Amino acid sequence: MPRTALRICPLCEATCGLTLTIEGTTVTGARGDRDDVFSRGFICPKGAAFGQIDADLDRLRTPLVRRDGRLQEATWDEAYDAIAAAVPGLVAEYGAQSVGVVLGNPNVHTMAGALYPPLLLKTLGTRNLFTASTLDQMPKHVSSGFLFGDPLAIPVPDLDRTDFLLLLGANPVESNGSLCTAPDFPGRLKALRARGGTLVVVDPRRTRTAALADRHLAPRPGSDALLLAALAHTLLAEKLAAPGALEERVEGLGELGAALASFTPEAVAPACDLTADEIRSLARELAAAPTAAVYGRIGSCTVEHGTLASWLVDVLNILTGNLDRPGGALFPLSATDRAPRPAGPGRGFTVGRWHSRVSGHAEAKSELPIAALAEEIETPGEGRIRTLIAIAANPVLSAPDGDRLDRALASLDFMVSVDPYLNETSRHAHVVLPPPPPAQSAHFDFAFNAFAVRNQARYSPPAIPLEEGRMDECEIHARLILAVSGLHGAPPGAVDERVIADTLARAAADAHSPLHGTDPSEQAGRLAGRTGPEKRLDMMLRLGPYELVLDDLLEAPHGIDLGPLRPRLPEVLKTRSGRIELLPDPIAAELPRLRTALADRPAALVLVGRRHLRSNNSWLHNVPALTGGSNRCTLQVHPQDAARLGLTDGGRARVAADGGSLEVPVEVTEAVRTGVVSLPHGWGHDRAGARLGVASATPGANVNQLLDGTRIDRLSGTAVLNAFPVELTPLP
């Protein structure tokens with residue numbers, strides 16, 4: 001007889017609750033959990049395809065080990081024996097900096113990806129960390145670090161209570177949200193308008209989100225920072241700025257006007273391809289709204305001035321008095337965040353504590369730009385990366401110039417990949433460690449609850465017992481840590497026990513901890529949970545702000561609602577001043593470069609990416625239910641540009657840029673404005689050696705191959721993946 005089980009969807013940032021139908025050990029259906037405290041039954045096509053994702057025949061079932069130049073099936077013991085025989089010796093010979101670690105986007109969707117990579121990095125002692133953040137949201141981390149002293153203190157729009165929402169470079173109707181965890185984002189936007197609120201979308205494409213808006217502005221791509229600077233200038237020049245209670249918590253307010261003096265609407269309008277009146281009217285509407293929130297995402301991050309744009313988003317929220325205010329932009333409080341403590345100055349935030357070996361790129365948030373990974377492997381000399389550990393990462397498709405990185409990976413002395421697939425990157429590994437399907441894994445959203453539009457906590461035990469021959473993903477990570485540390489063969493539970501002991505010892509010594517003064521060993525004995533990861537979750541809940549324990553979540557399978565977001569300043573501030581530092585020195589030093597953009601001559605054509613509801617980066621193209629339809633790798637071109645260039649709908653074109661050229665099918669559409677073409681990312685499944693049967697049937701083209709990795713946002717090291725110039729040539 002079929003049975004049902006509840007599961008939090010791990011396929012995007014919306015974290016919707018699912019009700020799975022299970023026959024034997026197979027997921028045969030998935031629908032939205034109507035009783036979920038957060039998602040209330042909402043589901044998207046990705047969640048509905050959970051069963052196909054879980055049962056994908058191309059998922060690896062056993063480890064692979066390279067023997068005689070070929071990856072062959074092996075036992076788990078053989079896989080870890082190979083790692084233990086190679087990595088510690090290479091580290092001893094060449095040093096800790098000869099190891100690189102790459103973390104991909106799926107890490108933030110699993111418990112293992114949240115709990116174990118920090119321990120792996122500490123064990124290895126390497127500074128060569130590369131993650132998907134420098135292909136996505138690092139500008140927001142850096143700007144938040146400068147403003148608030150904490151790169152993880154990212155305010156999110158209070159979608160359910162705001163009166164005015166300004167979205168830039170974001171398409172949440174199709175992406176389901178990003179750095180803003182909100183199930184049923186489309187429904188929330190419709191509810192905003194239904195209650196009389198206003199939605200303004202700024203995007204060079206006529207997206208499904210833009211179609212919902214009261215007003216859609218389509219500026220020139222890459223001009224977001226200029227537009228935002230002009231809005232802030234207008235608020236200050238017309239004395240519309242009203243920080244209210246924030247004013248006593250802000251440093252640099254007096255200097256901001258002079259810093260933005262050049263960015264008048266008239267000066268900015270030509271570069272944005274908007275009118276000065278449009279810019280000025282938008283600023284006035286923003287100031288006049290009872291409550292308002294400004295939210296910018298990947299389209300405003302992965303551009304040349306992404307950190308400045310991210311900074312200016314919060315500058316506008318501050319100037320209008322909407323930061324840390326219901327209906328504005330607030331700081332979520334996760335159940336596994338540490339308990340609040342008295343406000344006061346912190347250590348602050350900086351970048352550039354170390355630099356990459358070859359090009360001297362500054363670290364940001366302990367990460368180096370992933371665009372620099374290939375050169376760090378290829379370039380001879382002390383500190384060259386010889387060993388690479390890639391966890392849920394496919395940078396051959398996600399990073400610039402995948403061809404170069406492809407060649408570099410083939411030259412490594414040793415590579416480990418933790419990945420369920422043999423994909424374009426993991427095919428280079430010497431050992432591949434495959435996690436089990438998601439239905440066989442427990443789930444708690446450590447990362448996304450910190451960006452949720454409503455405070456809540458939900459936990460999903462495994463819906464299906466671990467299949468024979470599989471290894472739990474947390475155990476895979478724990479054994480990897482032991483294998484590279486010289487402790488190969490020790491019980492994997494020892495990793496969690498060490499973390500628990502160290503964490504509870506620090507908590508006992510922390511005067512602001514709920515467990516201050518207690519006996520760490522006694523507290524460890526009280527922890528509930530069948531596994532080490534569950535005990536760690538229980539510990540984090542006990543140390544958190546809501547006095548929860550794991551049993552509370554187990555007894556509430558649909559989740560625990562912890563209420564709407566609440567003001568949290570000054571508690572979240574960790575700057576050296578203990579205040580919001582509105583004009584930090586690195587930002588002020590970068591503004592002259594933004595001024596030069598006022599006089600830049602725009603390229604005739606620039607390229608932007610696009611999201612699709614039935615896709616997520618490069619890792620869902622092997623699911624039959626999510627292929628076809630509009631989920632296609634086409635180059636969208638406006639009819640006027642198509643006519644000028646001799647392109648036809650359904651024809652083909654060569655698109656060329658810094659890093660090379662691609663041949664792609666053309667889709668003529670008014671969904672893009674003139675002067676802009678759009679090609680989605682994550683495609684290019686045509687490399688020999690990968691085992692992705694469905695994806696390889698319609699491989700598409702890797703848009704990031706158009707980039708050579710030299711275009712980056714200087715403050716954050718983020719690759720410029722949007723708004724770069726291209727040339728088009730029609731093909732027969």
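Student: What makes the meeting of the Arg530 and Glu534 side chains a salt bridge?

Tutor: A salt bridge needs a side-chain nitrogen of Lys or Arg within 4 Å of a carboxyl oxygen of Asp or Glu. For Arg530 and Glu534 the N to O distance is 2.8 Å, so the pair counts as a salt bridge. This is a predicted model, where local features need pLDDT of at least 70 and side-chain atom pairs count only at pLDDT 80 or more, while totals for chains, interfaces and linings use all residues. Residues are numbered from 1 along each chain as its sequence is written, and side-chain values use heavy atoms, with hydrogens and water left out.

Student: Is Glu534 buried or exposed, and how do you know?

Tutor: Buried means under 20% relative accessible area, exposed over 50%, and partly exposed in between (1.4 Å probe, protein chains only). Glu534 has 4%, so it is buried. Arg530, with 62%, is exposed.

Student: Which residues do salt bridges with shared partners join into one network?

Tutor: Those are Glu238, Glu266, Arg280 and Arg284. The structure holds 39 salt bridges.

Student: How do you know that Asp406 and Arg427 link distant parts of the chain?

Tutor: Look at where they sit: Asp406 is in helix α18 (residues 402-410), Arg427 is in the loop between β16 (414-418) and β17 (431-433), and they are 21 residues apart. Helices (H or I, at least four residues) and strands (E, at least two) are DSSP runs, numbered from the N terminus. The closest N and O atoms of this salt bridge are 2.7 Å apart. Asp406 counts as buried at 13% relative accessibility, and Arg427 counts as buried at 17%.

Student: Why does Glu475 count as partly exposed?

Tutor: Its relative accessibility is 27%, so it falls in the in-between class. Its salt-bridge partner is Arg479, which is also called partly exposed, at 26%. Both lie in helix α19 (residues 473-485), four residues apart, or about one turn of the helix.

Student: Why is the pair of Phe146 and Phe349 called edge-to-face?

Tutor: Rings of Phe, Tyr and Trp (its six-membered ring) pair if their centres lie within 6.5 Å; planes under 30 degrees apart count as stacked, over 60 as edge-to-face and the rest as tilted. The structure holds five aromatic pairs. In Phe146 and Phe349 the centres are 5.5 Å apart and the planes stand at 65 degrees, so the pair is edge-to-face. Phe146 lies in helix α6 (residues 138-148) and Phe349 in the loop between β14 (329-330) and α16 (373-378), so the pair ties together parts that are 203 residues apart in sequence. Phe148 and Phe331 also form an edge-to-face pair, at 5.2 Å and 90 degrees, and both residues are buried.

Student: What makes the charged end of Arg386 sit over the ring of Tyr94?

Tutor: The test asks for NZ of Lys or CZ of Arg within 6 Å of the ring centre and within 35 degrees of the ring normal. The charged end of Arg386 sits over the ring of Tyr94, 3.8 Å from its centre.

Student: How do you know that strand β6 is largely enclosed?

Tutor: Five of the five residues of β6 (residues 99-103) are buried, so the rest of the structure largely encloses the strand. Val99, Val101 and Leu103 point one way, Gly100 and Val102 the other.

Student: What joins β6 to strand β15?

Tutor: Two strands pair if DSSP finds at least two bridges between them. Five bridges join β6 to β15 (residues 387-391), and the two run parallel.
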